[in-house]
Amino acid sequence: MIDYLVAISIIVGIYAIFAIGLNLEWGFTGLINFGHVGFLAIGAYTTVLMNQSGAPIWLSMASGVVLAAFFGLLVGIPTLRLREDYLAIVTIGFSEIVRLFLLNEEWLTRGPMGLFGFDRPFEAVIPFDYNYFLFILVFGSLAVIYLLLEKLVHSPWGRVLKSIREDEDVASALGKDVFRYKIQALMIGSAIAGLAGAFLAFNLQYINPRNFIPMETFYAWIIVVLGGSARNKGTILGAIIVQSFYTGTRYIQDYVPLASHQMAALRVMVIGVLLVLLMMYKPQGLLGKKEELTLGQ
Amino acid sequence: MLQLIVNGIVLGSIIALAAIGLTMVYGVLNFANFSHADFMTFGAYIAFVLNVALGLNIILSFFIAVAIAGALGVLLDFLVWKPMRRKNADLVSLIIISIGLSLIVRNAIIFIWGGSTRNFDLPVQRGIEMLGVTITHNQLIGVGTAILFMVLVHFFLKKTKLGKAMRAISDDINLARISGIDSDKVIMWMWFIGIGLAGVAGILYGLETTIRPNMGWFLILPMFAAVILGGIGNPYGAMVGGMVIGLSQELSMLILPSEYKMGVSLGIMILVLLFKPRGLFGGTKT
């Protein structure tokens with residue numbers, strides 16, 4: 001039972017890290033990144049590939065994080081000077097190209113067969129069940145990221161981000177280089193997604209392109225929107241709720257007369273309905289402050 | 001080469017037709033509707049049910065399915081878009097709602113009809129061969145129908161009162177309102193026509209390939225590329241843009257592996273955004 005809870009919690013922790021990066025981009029800065037999963041994939045594959053070619057695991061993880069941030073920069077340059085929605089369109093395309101690359105460049109990624117057989121941090125020296133260590137690693141990282149982000153968003157830098165979200169013309173009229181702030185937010189968010197990717201690889205011990213379908217991005221979106229945009233606590237709460245929903249619906253699978261593909265479709269439909277209703281009637285989410293958000297008004 | 005051009009024209013006319021509705025919504029309501037392509041799929045499945053399950057002939061199925069798709073567009077305007085307009089919602093909320101709708105429509109289709117591919121009940125006919133190029137009957141019907149509908153859209157926009165009102169609203173909604181145009185009514189018709197045309201495109205695409213739950217979703221990127229290339233809010237731009245995108249995707253196979261066809265749309269879109277963000281023909285929005 002404990003083992004099971006630990007295993008579930010690790011997944012919650014990884015999704016919370018993944019989504020908290022999106023919260024910086026969307027919740028705080030108002031950037032619509034519909035390709036967040038692309039950065040998760042870059043983090044996971046870079047970590048594994050670097051390690052398999054002989055780099056120590058910590059260096060491999062760092063490369064994954066840096067490369068994810070670098071791609072954040074590349075995606076941001078053509079889009080962040082323009083309307084908000086161009087970022088949405090380009091990122092969704094970007095994440096699909098990443099997935100197609102992983103699927104088709106078999107010389108590098110083994111394509112649909114995926115990758116396995118790589119180190120995990122301290123695996124050789126941990127005397128107990130590795131999952132317990134991974135649990136500590138994931139939640140330790142989540143705590144560090146959470147504290148750093150809280151510090152950042154309450155700094156002058158973070159206040160500029162929020163002002164960009166509310167009205168970027170005002171921010172730029174005050175002499176702020178809006179483009180640079182947006183690029184920075186996108187790069188940090190992408191780096192965090194890259195780290196989540198490394199943890200995802202450690203948890204699964206086997207990665208393949210099917211782990212990185214566009215739906216993963218929208219799981220992060222529902223986590224952020226449900227928990228409350230611009231509320232890092234809310235994002236963590238959102239991750240717990242969404243994962244419980246996912247696990248719970250797997251349990252009732254045996255008791256309902258639905259095929260497994262129908263159950264999966266129903267699950268995504270519920271998430272879609274929730275996304276629509278939240279944006280229509282409760283855009284601030286569970287923990288967000290309505291006064292602070294001009295969304296939907 | 002010639003074969004790729006033929007395939008490109010077929011794909012291009014389907015993208016062009018679907019992109020008209022996308023660009024009209026984008027121009028008038030000012031947001032990128034990510035659910036648009038899934039109404040292509042919806043139209044194709046409704047036509048499939050009428051044609052295969054109920055045994056209606058394909059032409060009748062076509063018209064009924066297009067009308068149902070258009071009606072769904074109007075229904076969603078009443079349920080979702082109109083209340084959001086009343087609240088003066090910002091465009092990011094609308095975009096997120098549209099992605100939610102896209103998830104709902106696509107997965108409702110999977111829920112009801114499953115994930116497997118389907119086909120219309122049509123006799124298999126031999127393609128016509130000319131100059132070493134094979135053109136199937138369905139391709140001819142597809143291009144012909146698409147062109148017919150584009151001509152209809154042209155006459156609608158230029159000659160009818162409703163079409164002129166639609167163009168006026170796309171240029172400046174407030175100016176149109178004070179000139180006495182009932183914007184809600186015009187927008188309702190815009191949804192009917194836009195989603196209806198997506199349904200037409202979906203059925204043609206289903207004829208040309210197969211009917212499957214993510215057939216539309218995979219075209220959303222080429223459609224956006226067509227819209228941005230042609231200038232947002234410009235239906236003629238979207239038609240030309242659709243052709244250009246369709247042709248470039250197919251011709252890219254000369255130099256790129258076919259798996260990366262989608263990358264061509266993304267590449268073109270990024271180039272347009274970098275160097276000509278208003279599109280080739282100037283849109284109403286940047």
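## Close-up views of a predicted two-chain model

Figure 1. Asn30(B) sits in the loop that links α1 (2–29) to α2 (36–53) of chain B. Although Asn30(B) is not a glycine, its phi is positive, at about 70 degrees. Most residues other than glycine have a negative phi.

**Figure 2. Gln205(A), a residue of chain A with positive phi that is not a glycine.** The phi of Gln205(A) is about 60 degrees. Gln205(A) belongs to the loop between α9 (178–204) and β2 (206–207) of chain A. Because 13 C-beta neighbours lie inside 10 Å, Gln205(A) counts as partly exposed; a residue with 12 or fewer would count as exposed.

Figure 3. Trp81(B) counts as buried because it has 24 C-beta neighbours inside 10 Å. When neighbours within four places in sequence are left aside, Trp81(B) is in contact with Leu29(B) and Leu76(B). Leu94(B) stands 13 residues from Trp81(B) along the chain, and the C-alpha atoms of the two are 8.0 Å apart.

Figure 4. Chain B is built from 11 helices and 2 strands. From the N terminus, the order of these elements is α-α-α-α-β-β-α-α-α-α-α-α-α. The radius of gyration of chain B is 18 Å, close to the 19 Å given by the globule rule for 286 residues, so chain B is as compact as a globular protein of that length. The C-alpha trace of chain B spans about 55 × 45 × 35 Å along its principal axes. Of the 286 residues in chain B, 52% count as buried. For contacts in chain B between residues at least 6 apart in sequence, 80% join residues at least 24 apart.

**Figure 5. The crossing of helices α1 and α11 in chain A.** Helix α1 (residues 2–28) and helix α11 (residues 232–252) of chain A have axes that come within 8 Å and cross at roughly 135 degrees. The two helices, α1(A) and α11(A), are therefore oblique to each other, because only an angle over 145 degrees would count as roughly antiparallel. The crossing of α1(A) and α11(A) is right-handed. Residues of α1(A) that meet α11(A) include Ile8(A), Ile11(A), Val12(A) and Tyr15(A). On the side of α11(A), the residues include Ile236(A), Gly238(A), Ala239(A) and Ile240(A). The residues of this contact between α1(A) and α11(A) divide into 10 nonpolar, 6 polar and no charged.

**Figure 6. The side of chain A that touches chain B.** In the interface, 36 residues of chain A are in contact with 40 residues of chain B. The elements of chain A that give two or more residues to this side are α3 (57–79), α4 (84–104) and α12 (260–281). Helix α12(A) supplies the largest share, 13 residues. By residue type, the side of chain A that touches chain B divides into 23 nonpolar, 9 polar and 4 charged residues.

Terms used:
Residues are numbered from 1 along each chain as its sequence is written. Chains are lettered from A and ligands numbered from 1 in the order in which they are written. This is a predicted model: local features need pLDDT of at least 70, side-chain atom pairs count only at pLDDT 80 or more; totals for chains, interfaces and linings use all residues. A residue is buried if 20 or more other C-beta atoms lie within 10 Å of its own, exposed if 12 or fewer, and partly exposed in between; C-beta atoms are placed from the backbone. Two residues are in contact if their C-beta atoms, placed from the backbone, lie within 7 Å. Helices (H or I, at least four residues) and strands (E, at least two) are DSSP runs, numbered from the N terminus. The radius of gyration is taken over C-alpha atoms; the globule rule is 2.2 Å times the number of residues to the power 0.38. Axes are lines fitted to C-alpha atoms, for helices over the stretch in contact, and angles run from 0 to 180 degrees between N-to-C directions. Angles under 35 degrees count as roughly parallel, over 145 as roughly antiparallel, 65 to 115 as roughly perpendicular and the rest as oblique. A crossing is left-handed if the near helix is turned anticlockwise from the far one by less than a right angle, and right-handed if clockwise. Ala, Val, Leu, Ile, Met, Phe, Trp, Tyr, Cys and Pro count as nonpolar, Asp, Glu, Lys and Arg as charged, and the others, Gly among them, as polar.
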